[in-house]
Amino acid sequence: MTEFWLISAPGEKTCQQTWDKMTAATTRPNVLSTNHKFSIPDLKVGTLDVLVGLSDELAKLDSFVEGVVKKVAQYMADVLEDSRDKVQENLLANGVDLVTYITRFQWDMAKYPIKQSLKNISEIISKQVTQIDNDLKTRASAYNNLKGNLQNLERKNAGSLLTRSLADIVKKDDFVLDSEYLITMLVVVPKTAYPEWQKTYETLAEMVVPRSSNLLFEDSDSGLFSVTLFRKAIDDFKHKARENKFTVREFQYNEEEMKADKEEMTRLSTDKKKQFGPLVRWLKVNFSEAFIAWIHIKALRVFVESVLRYGLPVNFQAMLLQPNKKNMKKLREVLNDLYKHLDSSAAAIIDSAMDIPGLNLSQQEYYPYVYYKIDCNLLDFKP
């Protein structure tokens, strides 16, 4: 994905001349950027006071909506888990990839009627995206709970013999059940200590049933052995086993409980599968909505800022530049040369900022032309 610079400059004799001049400067002799006209319709200007207030409000709205766009994109990546390579193809705007949408931007008259005031349009966008943000919180919370519960159960059924659930390993036949005097215990023995176990288990306590130990299951490090003894010898046996580095697992064979655990896992797994499809569809639709809203805010900001800077009647050309990565600094210099006559104080501030190392002025504020960045790198993949 990529970044764009959305800029505007006042119309010379015509807006086409402004466009031609910028294109010539940024493509000859070297191609510093790929350029597209960015069409903004004739919006209602309103009063100067309203525009000044709106300029601040739109800046806040811009960062809020960008945040929501990124949240939805990131959550799409989280939900798709193992298919992260499929994320990008699900992040579309109006059914096309983001670069295509931005470079061929058309104002959506149905969603954001231009007969409305600029303030109303910004409020429509704000309400719409706030709703998406709230819905995302609710849906993500429900799905994450489900996923978390399922992962906890899965974790119980994985891991080493010292910690994992034994319910899916043991069978009814492995136990002496319903005996008043006898009990079957389960012991984890390191593989290196198998001979020691076989030699000593009958004498770890009195009343161990001779030849009652069986190996029920092995993982890479240890084995799970059963052993039968008299109930009154339990404490003594546990103590001696611990001294010999054998680990007694607390386990009571209970068919009902084991069945309930299995059913719970099946239920959670089915619920997760059921919710997955509708959730991905919701994320796709609402990512598109939020992204479209975001680019309309950028258009509004360019319009408002251009009117405030260049005055009335409305006469400016909005232009979308896709900088060539290697030539970003050069592109910035070319644009400053081209437009420094628009605002000498801004040009002076830029020059002095460049001359003073370590002075990190927020340059966004100081270009002589209207400038907003659109960064389409929306995914923050955590390795």
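## The chain as a whole

The model is predicted. Its chain contains 10 helices and 8 strands. Along the principal axes, the C-alpha atoms occupy a box of roughly 105 × 45 × 35 Å. The radius of gyration of the chain is 34 Å, whereas a compact globule of 383 residues would have a value near 21 Å.

Of the 383 residues, 43% count as buried. The chain exposes about 20,900 Å², and carbon and sulfur atoms supply 51% of that area. Among contacts with a separation of 6 or more, 79% are between residues 24 or more positions apart.

## Helix 8

Helix 8 comprises residues 255-310, which is 56 residues.

At the start of the helix, a side-chain oxygen of Asn254 comes to within 3.0 Å of the backbone nitrogen of Glu256. After the helix comes Gly311, which has a positive phi, near 80°.

Met319 belongs to strand 7, which covers residues 316-323. Is Met319 buried or exposed at 0% relative accessibility? Met319 counts as buried because residues under 20% are placed in that class. Leaving out residues up to four places away in sequence, Met319 touches several others, including Trp5, Leu6, Ile7, Trp19, Phe38 and Tyr339. Arg104 is 215 residues from Met319 along the chain, and their C-alpha atoms are separated by 12 Å.

Ser165 is located in the loop between helix 5 (118-156) and strand 3 (182-190). Its relative accessibility is 14%, and therefore Ser165 also counts as buried. Apart from neighbours within four places in sequence, Ser165 is in contact with Lys156 and Asn157. A polar atom of the Ser165 side chain lies 3.2 Å from the backbone nitrogen of Ala167. The C-alpha atoms of Ser165 and Lys340 are separated by 71 Å, and these residues are 175 positions apart along the chain.

## Backbone features in loops

| Residues joined | Omega |
|---|---|
| Arg28 and Pro29 | about -5° |
| Leu312 and Pro313 | about -5° |

Pro29 is in the loop between helix 1 (15-27) and strand 2 (33-37). Pro313 is in the loop between helix 8 and strand 7.

Positive phi values also occur in residues other than glycine. Met207 has a phi near 70° and lies in the loop between helix 6 (194-200) and strand 4 (214-218). With a relative accessible area of 37%, Met207 is partly exposed. Lys245, which is not a glycine, has a positive phi of about 65°. Its position is in the loop between helix 7 (234-243) and strand 6 (247-249). Lys245 has a relative accessible area of 66% and is therefore exposed.

Notes
Residues are numbered from 1 along each chain as its sequence is written. Side-chain values use heavy atoms; hydrogens and water are left out. Helices (H or I, at least four residues) and strands (E, at least two) are DSSP runs, numbered from the N terminus. The expected span of a helix is 1.5 Å times one less than its number of residues. A polar contact is a pair of N or O atoms within 3.5 Å; within protein, one must be able to donate a hydrogen and the other to accept it, and residues adjacent in sequence count only if both atoms are side-chain atoms. The radius of gyration is taken over C-alpha atoms; the globule rule is 2.2 Å times the number of residues to the power 0.38. Buried means under 20% relative accessible area, exposed over 50%, partly exposed in between (1.4 Å probe, protein chains only). Contact means heavy atoms within 4.5 Å. Accessible areas come from the Shrake-Rupley method with a 1.4 Å probe; for residues, only the protein chains shown count as cover.
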